[in-house]
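Welcome! Please open the structure and keep it beside you while you read this short report.

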Amino acid sequence: MTMGKGGVGKTTVASAIAVELAHRGHRVHLSTTDPAAHLVQTMGASVPGLSISRIDPAVETRRYSEQVMSKSAPHLDEQGKALLEEDLRSPCTEEIAVFSAFAETVSRGENEFVVLDTAPTGHTLLLLDAAEAYHRDVSRNQSDLPEAVRRLLPRLRDGAFTRVVLVTLPEATPVHEAARLRDDLVRAGITPFAWVVNQSFSGNGFRDPVLLERGRRELPFIAEVRDRLASRMVVLPWKREPPVGPDRLRELAGSQPVL
Ligand SMILES: Nc1ncnc2c1ncn2[C@@H]1O[C@H](COP(=O)(O)OP(=O)(O)OP(=O)(O)O)[C@@H](O)[C@H]1O
Ligand SMILES: [Mg+2]
């Protein structure tokens, strides 16, 4: 799973990981909550062994509401049905529906590599887990809860099953925001596997004095990630050609780390 603030390169890094795994002969599923078009654009072409899907909140909410209605409606009178319909229109329904879809996607990881572009934050995971626990308690009915949802948090906490990659940029604010994301994940019992510091100018490939200076200014932030935040880190260079399409994504995945 890739996580990080807006625009830092989550979709790019997730796509690069997926392409590289597929190239090594693995079956890979890449899933996103971004607009699907963006992932398709980043990927650029179909890759053998790699499938792509999107968790679309509107679609998931409709599916979830229909499921709940068809299960409960036979046992309800007209007023009960109307109440349930109203209940399903609350914003929580979308969150629970997306959470369930996310859990289903994660469960595919039993059979293939699943690369998730932009996972929910630790805060969201804990909140929704609490909501589900409450629901379970109120309904006193374990069987109500899909297996994938029941097993989601244990799977995410299992370092042998899930690896969270935190993506950030070598600048003050992005690094500090990523550090907060990490604390939030740790509170949910999930330790990030690695950090990717993306779009760095600190490598050897630059001659322009402005870019060289910019690269120098990155160094304290890169050091902070390396020394204080990450147990594994890779620094990826800024690429003049946007890293889109399987070839450039693989090139990015195989970049000599900057440091
Ligand atoms: N190493 C890089 N060098 C140059 N451009 C990059 C690099 N990594 C990402 N980009 C470009 O930066 C932009 C943002 O990247 P991307 O879409 O992967 O970020 P994101 O974190 O998924 O954004 P969002 O939060 O909007 O989903 C894209 O245009 C992408 O092609
Ligand atoms: Mg994205």
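The protein chain has a mean pLDDT of 89, and 93% of its residues reach 70 or more.

Where pLDDT is low, the predicted coordinates should not be read in detail.

## Around ligand 1

Now find ligand 1, which has 17 residues around it. Which of them come nearest? They are Gly6, Lys10, Thr11, Thr12 and Lys239.

Two elements, α1 (10-23) and β6 (194-200), each supply at least two residues of this shell. Helix α1 gives the most, with three residues. Sorted by class, the shell around ligand 1 holds eight polar, six nonpolar and three charged residues.

## Helices α1 and α2

Stay with α1 and look for its partner, helix α2 (residues 36-43). The two pack with their axes 10 Å apart, at an angle of about 55 degrees. The crossing of α1 past α2 is right-handed.

On the α1 side, Thr11, Thr12 and Ser15 make the contact; on the α2 side, His38, Leu39, Thr42 and Met43 do. The contact of α1 with α2 has five polar residues, two nonpolar ones and no charged ones.

## Helices α3 and α5

Next, turn to helix α3 (residues 57-72) and helix α5 (residues 91-107), whose axes come within 8 Å and cross at roughly 95 degrees. Because angles of 65 to 115 degrees count as roughly perpendicular, α3 is roughly perpendicular to α5.

From α3, Pro57, Glu60, Thr61, Tyr64 and Ser65 take part, and they meet α5 residues Thr93, Glu94, Ile96, Ala97, Val98, Ser100 and Ala101. The contact of α3 with α5 divides into six nonpolar, four polar and two charged residues.

## Helices α9 and α10

The last pair is helix α9 (residues 172-187) with helix α10 (residues 209-229). How do they lie, parallel or perpendicular? Their axes come within 10 Å and cross at roughly 20 degrees, which means that α9 is roughly parallel to α10. Here too, the crossing is right-handed.

In α9, Ala172, Val175, Ala179 and Arg182 meet Phe221, Glu224, Val225 and Leu229 in α10. Six residues of the contact of α9 with α10 are nonpolar and two are charged, with no polar residues.

Methods:
Residues are numbered from 1 along each chain as its sequence is written. Chains are lettered from A and ligands numbered from 1 in the order in which they are written. This is a predicted model: local features need pLDDT of at least 70, side-chain atom pairs count only at pLDDT 80 or more; totals for chains, interfaces and linings use all residues. A residue is near a molecule or strand if its C-beta atom, placed from the backbone, lies within 6 Å of it. Helices (H or I, at least four residues) and strands (E, at least two) are DSSP runs, numbered from the N terminus. Ala, Val, Leu, Ile, Met, Phe, Trp, Tyr, Cys and Pro count as nonpolar, Asp, Glu, Lys and Arg as charged, and the others, Gly among them, as polar. Axes are lines fitted to C-alpha atoms, for helices over the stretch in contact, and angles run from 0 to 180 degrees between N-to-C directions. Angles under 35 degrees count as roughly parallel, over 145 as roughly antiparallel, 65 to 115 as roughly perpendicular and the rest as oblique. A crossing is left-handed if the near helix is turned anticlockwise from the far one by less than a right angle, and right-handed if clockwise. Two residues are in contact if their C-beta atoms, placed from the backbone, lie within 7 Å. pLDDT is the predictor's confidence in each residue, from 0 to 100.
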